[in-house]
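Keep the coordinates open as you read.

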There are 2 protein chains.
Amino acid sequence: METDRQPYRPLYTQIQEALVRRIVEGEWRPGELLPSEQALALQMGVSQGTIRKAMDALETEKIIDRRQGKGTFVAELTQEKSVYRFFRLLRPDGRRIVPTSGNETVRLQPMGARAALALGLAEGTPAFEVLRTRLVDDQPVAFERTIVPEKVFPVLDRHSPLPNALFTLYQREYGINVVSTDERLRADLCDEQDAAYLGLTQGAPLLEIERVAVTVTGERVEWRLSRCNTSLCMYGITLT
Amino acid sequence: METDRQPYRPLYTQIQEALVRRIVEGEWRPGELLPSEQALALQMGVSQGTIRKAMDALETEKIIDRRQGKGTFVAELTQEKSVYRFFRLLRPDGRRIVPTSGNETVRLQPMGARAALALGLAEGTPAFEVLRTRLVDDQPVAFERTIVPEKVFPVLDRHSPLPNALFTLYQREYGINVVSTDERLRADLCDEQDAAYLGLTQGAPLLEIERVAVTVTGERVEWRLSRCNTSLCMYGITLT
DNA sequence: GAGTGGTCTAGACCACGCA
DNA sequence: GCGTGGTCTAGACCACTCT
């Protein structure tokens, strides 16, 4: 007599999930050294090869950092790495932009319909809204509106001035790891607010980037709308 | 006495390159079955594990297709796979667009400055230019100008009507495998030509996508400029 | 049942970083 | 020189596909 067959799950995927769980739960903090592969193999009762295969996946997901001769570390979202990983704006000549911010304001207010829809929350949910301008060579190139639920990031306004890459703050202060973003791009015309922030005239073309940040556990924790002056910059990406 | 030390190259990377070379040279055609891992291991004088690791990389690069129980095949760019892999336009509600073409024209003429610059060729190099309109639900949403060197794709005009995904044609008829694209996005205003092709009014916002296609050997073989009506579609992508 | 890719193990050795 | 991750091997067994 046979019972219901469980779907087949390789051992290394279970190891992988166990490791993610232990990292998310804070057993090892960002930047910390993990036990060696041999030690984990002994501890978890599998061979080193199986630990390796699990860690290969974690490395691909950028959850850990492996350094030959030194060890394996929980990935840390440093400013440089984080900024370049998710910030895709380039100068017209193709060089990368290191964004700097101007005119930052943070306020607590009910979440708007568009952000709420994208984050799967109810309109009016208490949220922090961060408005800032992105500068390149002291020229404003983009105007950003970032909205996060207050419940997920309490007292966000206390951390002002905010870092250029908010994801580093999310990780450091809230233990929340953003691992991917969904982006939607459209063209639009410059409205009155854009014109004021970007020093453009109404009716000029604008690139609008709508972004949702997703954590390692699949939660959508941040919504951002960027409106970019693409006469000063462009969005660049390689598809594979 | 020591001679110059060669930089260290793991065995599996050499196997990987050898396999790519044999595929590019046509020893196995797209869709064909490769020898089994065991057979290749014997043939190349390494262990099966090393063949596996090389093939893991080829699979990530989408150069081969592995199917448990059946074997390993040279990847074939089918219409469905190829279209979805590099075509990032979505409907306003987020559903994928299956592009269909209208008004296709192909002509042989000197390459323009912008395409030549992007492809690293001299302006005026003989080239085929493909103009077509992309339709969604019989509505024109994008106007595409695709330029390829005649030398790389001789008598391209004989293959009309062209498939929706040109990359499948490049692979099937010319043995050229596109494995990645570099894309640059900007916002612009609708000009007279756009207006004619897309049924818009001049001054409406447009999303411009400039794309360069790169082969497995790193050659830039195609330049494309798409001008999209983002009131009917948008560009969507997930960053990781 | 035969053959393929996929998993898992155990052990050896290599390249790297650091003290 | 030691400990770490990275490579390579050899062999066993599992899951899947087709005959």
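Predicted model: local features only at pLDDT ≥ 70, side-chain atom pairs only at ≥ 80, totals over all residues.

In helix 6 of chain A, the buried residues are Leu166(A), Phe167(A), Thr168(A), Leu169(A), Tyr170(A), Gln171(A) and Tyr174(A). The helix spans residues 166-174 and is mostly covered, with 7 of its 9 residues buried. What do these buried residues pack against? One partner is helical: helix 4 (79-86) of chain A. The others are strands of chain A, namely strand 5 (126-136), strand 6 (139-149), strand 7 (178-189), strand 8 (205-215) and strand 9 (220-228). Just after helix 6, Gly175(A) adopts a positive phi of about 65°.

Tyr170(A) leads on to the nonpolar core. The largest such core holds 68 residues. Leu156(A), Tyr170(A), Tyr235(A) and Tyr235(B) have the most contacts inside it. Take Leu156(A) as an example. Leu169(A), Tyr170(A) and Tyr174(A) are buried residues of helix 6.

Now step back to chain A as a whole. Chain A has 7 helices and 10 strands. Its C-alpha atoms fill a box of roughly 70 × 40 × 40 Å along the principal axes. Of the 240 residues in chain A, 48% are buried. Consider the contacts in chain A with a separation of 6 or more: 59% of them link residues 24 or more positions apart.

Turn next to chain B and a hairpin. Strand 1 (residues 64-67) and strand 2 (residues 71-74) of chain B run antiparallel and are joined by 4 bridges. Ile64(B), for instance, stands opposite Val74(B) in strand 2. The two strands form a hairpin with 3 residues between them. In that turn, Gly69(B) has a positive phi of about 85°.

Gly71(B) lies 6.6 Å from Ser36(B), C-alpha to C-alpha, although 35 residues separate the two in sequence. Ser36(B) sits in the loop between helix 1 and helix 2 (37-44) of chain B. Is Ser36(B) buried or partly exposed? Ser36(B) counts as partly exposed because its relative accessibility is 42%.

DNA strand D is surrounded by 23 residues. The closest are Gly69(A), Leu11(B), Tyr12(B), Thr50(B) and Lys53(B). Which elements supply the surface near DNA strand D? Strand 1 (64-67) and strand 2 (71-74) of chain A each supply at least two residues, as do helix 1 (11-24) and helix 3 (48-60) of chain B. Helix 3 of chain B gives the most, with 3 residues. By type, the residues of this surface divide into 6 nonpolar, 10 polar and 7 charged.

Of the atoms of DNA strand D within 4 Å of the protein, 80% belong to sugar or phosphate. The rest belong to bases. One is 2.6 Å from a side-chain N or O atom of Lys53(B). Lys70(B) also places a side-chain N or O atom 3.2 Å from a phosphate oxygen of DNA strand D. Glu37(A) makes its approach through the backbone: an N or O atom there lies 3.0 Å from a phosphate oxygen of DNA strand D.

Conventions:
Residues numbered from 1 in each chain as written. Chains lettered and ligands numbered in written order. Heavy atoms only, no water. Pairing = 2+ DSSP bridges. Core = buried A, V, L, I, M, F, W, Y, C linked by side-chain atoms within 4.5 Å. Buried < 20%, exposed > 50% of the residue type's maximum accessible area, 1.4 Å probe, protein only. Near = heavy atom within 4 Å. Polar contact = N/O pair within 3.5 Å; in protein donor to acceptor, adjacent residues only side chain to side chain. Nonpolar A, V, L, I, M, F, W, Y, C, P; charged D, E, K, R; others polar. Contact = heavy atoms within 4.5 Å.
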